[in-house]
Amino acid sequence: REVREAQESVRSGLSEIRHDLLEELRVLESSGRPLAPEEMSRREHVIRELDRVGETMSREISDIERQI
């Protein structure tokens, strides 16, 4: 039960962080000017890292569930 609560807490936290970061990126993109190549690269990097962290956390939680 505690593992499930921790899992939901982590997923919720990551979802909130993802939402906030994507909203910040939307604000930057709507500034009326196109993003510079470096900004686009950083944007893509942030999105990839968010996906990676989410996948890693899911795997770790699954590993813990199997050990219990």
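1. Residue E39 lies in helix α2. The model is a predicted one, and the points below should be read with that in mind.

2. Overall make-up. The secondary structure consists of 2 helices and 0 strands. The radius of gyration is 16 Å, well over the 11 Å given by the globule rule for 68 residues, so the protein is more spread out than a compact globule. Along the principal axes, the C-alpha atoms fill a box of roughly 50 × 15 × 5 Å.

3. Surface and burial. Among the 68 residues, 10% count as buried. The accessible surface is about 5,600 Å², and carbon and sulfur atoms account for 53% of that area.

4. The largest pocket. Its volume is about 150 Å³. The elements giving two or more residues to the lining are α1 (2-29) and α2 (37-67). The residues that line this pocket are L21, E24, L25, L28, L35, E39, R42, R43 and V46.

5. E39. Is E39 buried, partly exposed or exposed? With a relative accessible area of 28%, E39 is partly exposed, because buried would require a value under 20% and exposed a value over 50%. Not counting residues up to four places away in sequence, E39 touches R33 and P34. As for distance within the chain, E39 and V53 are 14 residues apart in sequence, and their C-alpha atoms are 21 Å apart in space.

6. R43. This residue, too, has its place in helix α2. With neighbours within four places in sequence left aside, R43 is in contact with L25, E29 and L35. R43 and L21 are 22 residues apart along the chain, and 9.5 Å separates their C-alpha atoms.

7. In brief. The model has 2 helices and 0 strands, and its largest pocket takes two or more lining residues from each of α1 (2-29) and α2 (37-67).

Note on methods. Residues are numbered from 1 along each chain as its sequence is written. This is a predicted model: local features need pLDDT of at least 70, side-chain atom pairs count only at pLDDT 80 or more; totals for chains, interfaces and linings use all residues. Side-chain values use heavy atoms; hydrogens and water are left out. On a 1 Å grid over the protein atoms alone, a cavity is a set of points where a 1.4 Å probe fits but cannot get out, and a pocket is an open set with protein on both sides within 12 Å along at least five of seven lines; lining residues have an atom within 4 Å of a point. Grid points are joined across faces, edges and corners, and a volume is the space filled by probe spheres set on the points. Helices (H or I, at least four residues) and strands (E, at least two) are DSSP runs, numbered from the N terminus. Buried means under 20% relative accessible area, exposed over 50%, partly exposed in between (1.4 Å probe, protein chains only). Contact means heavy atoms within 4.5 Å. The radius of gyration is taken over C-alpha atoms; the globule rule is 2.2 Å times the number of residues to the power 0.38. Accessible areas come from the Shrake-Rupley method with a 1.4 Å probe; for residues, only the protein chains shown count as cover.
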